[in-house]
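Here is my note on the model. Please read the points with the structure open beside you.

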Amino acid sequence: MNLNNKEIVSYDVTDLTSLEKLEPVRVRPGMYIGSTGTKGLHHCIWEMLDNAIDELTNGYGNKVEVILNKDKSVTIADNGRGIPTGIHPIKKKSGVEMVFTELHTGGKFNNKNYKTSGGLHGVGAAVVNALSEWLEVEVKQKGNIYKQRFEYAMDNELNKKMPGTPVTSLEIIGNTNTKETGSKITFKPSTEIFSTTDFKFDIIDQRLQELAFQNKGITLVLRDNRKEEIIEKEYHSQRGLLDFIEYLNESKTPIHKEPILFQGEKEINGMRVYGEVCVQFTDSTTENIASYVNNIPTTESGTHETGFKTGMTRAFKEWSKKLNIVKEKDKGFEGDDLREGMTAILKVKISNPIFEGQTKTKLGNNEAYTFMNELAYTKLGAWIEDNKDISGNIMNNAVSAASRREKIKKINEAEKKKIGRGTAPLAGKISVCTLKKPEVREFIVVEGDSAGGSAKQARDRRFQTIMPSKGKIMNTEKQKVENVLASEELKLFNTAIGTGVLDNYSEDDLKYNKIIILSDADVDGYHIRTLWMTYIYRYMKSLITNGHLYIALPPLYKVYKNTKNGEVKNYAYSDDELKNIKKEIGKGSMIQRYKGLGEMNPDQLWETTLNPETRTLQQVTIEDAAKAEKMVSLLMGDVVEPRRKYMYKYAEF
């Protein structure tokens with residue numbers, strides 16, 4: 001039968017397929033861990049770490065170790081109660097086997113064993129097992145040491161290779177003190193699944209530091225056994241969020257020495273909610289909120305953040321009228337004005353959190369909104385009453401910020417009118433592409449007029465727009481907003497991108513899918529790159545969070561050799577890559593070192609850096625908001641000593 005000249009293909013029950021056991025995880029890993037790149041790789045550690053931390057925060061044990069092994073496996077060990085080793089009466093399997101081979105198996109679906117937990121979906125352990133070449137579990141319990149191994153191996157029942165297959169039963173391999181308990185999981189991520197299996201020390205280091213701050217009194221250890229010199233670091237905090245806010249504000253100047261610290265607990269709709277908040281105002285012009293739910297960083301915020309902001313604004317606005325800082329008839333300040341220069345840490349524990357997706361980046365519980373709104377309003381109101389001088393300064397700063405916001409609004413409106421009248425032309429400054437579809441267009445900021453000229457010749461005019469950057473733009477971290485918005489080069493960039501900045505940012509007006517920064521691979525190039533990223537992070541953060549910002553990586557070397565059949569060539573982006581390419585090409589190879597983009601002719605620039613088929617692009621992401629905020633403030637802020645320490649520590653980088 002034909003319909004509109006289309007052949008109808010039969011579709012019946014025989015066409016349906018069913019994935020068995022842990023197969024769905026292997027087939028669609030992104031659904032469970034977000035990605036199969038670096039972020040997803042480390043998410044596997046977070047899943048195991050969440051389970052260990054849950055034991056500690058619920059009163060069982062006080063130490064967790066993360067060990068990076070030479071064979072690219074990783075071990076997470078805790079001294080909690082240990083995964084149940086008994087045989088389930090219905091499943092006829094050990095608790096260990098159930099946890100690692102069945103999705104949605106765990107002790108966290110009621111509040112009997114865990115009041116709160118980060119690993120709430122009951123899929124973490126099984127997912128990590130499914131995405132590993134192999135996984136081994138050791139449990140200390142009842143005076144015994146139990147062990148079981150799982151592999152991507154033949155399943156005799158299904159007669160095919162399956163992920164997370166038990167290749168041994170749960171065996172007793174030794175004895176221990178009857179009071180000694182705990183779990184140790186070692187897994188090796190599958191190279192068939194992940195684009196990289198190299199765990200990053202710095203990423204894990206940052207996460208453990210934050211966990212120690214959030215859970216005062218516990219000890220976390222990170223040990224890297226991958227090189228001859230073993231690196232070991234211990235994390236412990238006795239002051240909790242007070243230590244955390246001091247750490248975040250290391251390169252800022254607080255306007256009140258003692259941070260505001262408060263906490264509370266309440267039952268709402270049968271759900272227990274606990275909140276702890278630490279706030280400190282600084283002389284910075286940007287706000288920084290680091291929020292966590294059951295130890296999980298909620299980088300996309302959620303109801304707990306919204307509730308906190310609402311309650312805080314309500315308290316300060318009411319007191320601004322009581323203290324006659326804002327007259328009754330005046331509009332006064334808004335929440336954004338009040339939070340200018342504020343650093344806040346929100347720590348929420350809730351018995352049944354509703355997260356958006358398995359990667360848990362946004363909280364959805366209305367109970368958290370209600371609780372945090374009331375908590376912030378009540379506690380901050382009491383603090384303002386007891387600290388009228390400090391709070392008065394904060395409110396006066398908010399009034400000033402509101403005034404600046406109105407100025408900025410007028411500047412933006414004036415710029416829009418200029419564009420509408422055609423008095424802010426791009427011609428002669430930016431080489432605009434011909435295609436009109438934003439989803440295929442790229443905007444490339446190129447360092448220097450020389451490289452910009454080559455890039456204009458090299459680009460694909462259909463979808464690549466080139467903006468030559470005159471050099472180093474201003475350090476926007478150190479400038480007032482009105483000065484930043486007055487910068488001609490930044491105005492040119494803003495006009496071309498189309499989104500607007502700060503509160504006026506509109507994703508719908510974005511004219512390009514990719515914003516690419518292309519600079520030399522030297523110290524000046526890195527500085528220029530950092531200045532642009534700082535500006536975008538502060539004024540157009542959504543370009544980063546929505547995945548539009550990229551760094552183009554130009555090669556350091558061209559390795560070539562003339563042969564009878566012509567020139568054999570390749571490009572190296574690092575010294576290690578150079579060594580490997582020289583081996584491949586063999587004797588007689590010659591090396592050209594690129595000192596800058598200006599040394600490349602248009603053909604080379606296209607081939608190495610602009611051609612989507614052959615170039616190397618690095619997407620800029622915000623893995624963790626607290627880390628990103630601290631790094632921007634540290635590297636670009638006014639306080640010198642923390643930056644000096646960092647630069648000394650990472651001098652080689």
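1. Buried residues make up 51% of the 653 residues in this predicted chain. Buried means under 20% relative accessible area, exposed means over 50%, and partly exposed lies in between (1.4 Å probe, protein chains only). The model is predicted, so local features need pLDDT of at least 70 and side-chain atom pairs count only at pLDDT 80 or more, while totals for chains, interfaces and linings use all residues. Residues are numbered from 1 along each chain as its sequence is written, and side-chain values use heavy atoms, leaving out hydrogens and water.

2. The chain holds 20 helices and 24 strands. These are DSSP runs numbered from the N terminus: helices are H or I with at least four residues, strands are E with at least two. Contact means heavy atoms within 4.5 Å. Of the contacts with a separation of 6 or more, 69% join residues 24 or more positions apart.

3. Look at the largest nonpolar core. It has 47 residues. Such a core is a set of buried Ala, Val, Leu, Ile, Met, Phe, Trp, Tyr and Cys residues joined through side-chain atoms within 4.5 Å. Helix α3 (residues 38-57) gives the largest share, nine residues. Phe100, Val137, Phe187, Ile204, Leu208 and Leu220 have the most contacts inside the core.

4. What does Ile204 touch, leaving aside its neighbours within four places in sequence? Its partners are His42, Ile45, Trp46, Val66, Leu68, Phe199 and Leu222.

5. A second, separate core has 37 residues. Val277, Val279, Trp383 and Ala402 are among them.

6. Helix α7 (residues 241-248) is mostly covered, with six of its eight residues buried. The buried ones are Leu241, Asp243, Phe244, Ile245, Tyr247 and Leu248.

7. Helix α12 (residues 449-458) packs on helix α18 (residues 602-610) at about 80°, with axes 8 Å apart. Axes are lines fitted to C-alpha atoms, for helices over the stretch in contact, and angles run from 0 to 180 degrees between N-to-C directions. The pair is therefore roughly perpendicular (65 to 115 degrees; under 35 is roughly parallel, over 145 roughly antiparallel, the rest oblique). Ala451, Ser454, Ala455, Gln457 and Ala458 in α12 meet Pro602, Leu605, Trp606 and Leu610 in α18.

8. Compare helix α14 (residues 488-497) and helix α15 (residues 523-539). Their axes come within 13 Å and cross at roughly 60°, so the two are oblique to each other. Glu489, Leu490, Phe493 and Asn494 in α14 meet Trp532, Tyr535 and Ile536 in α15.
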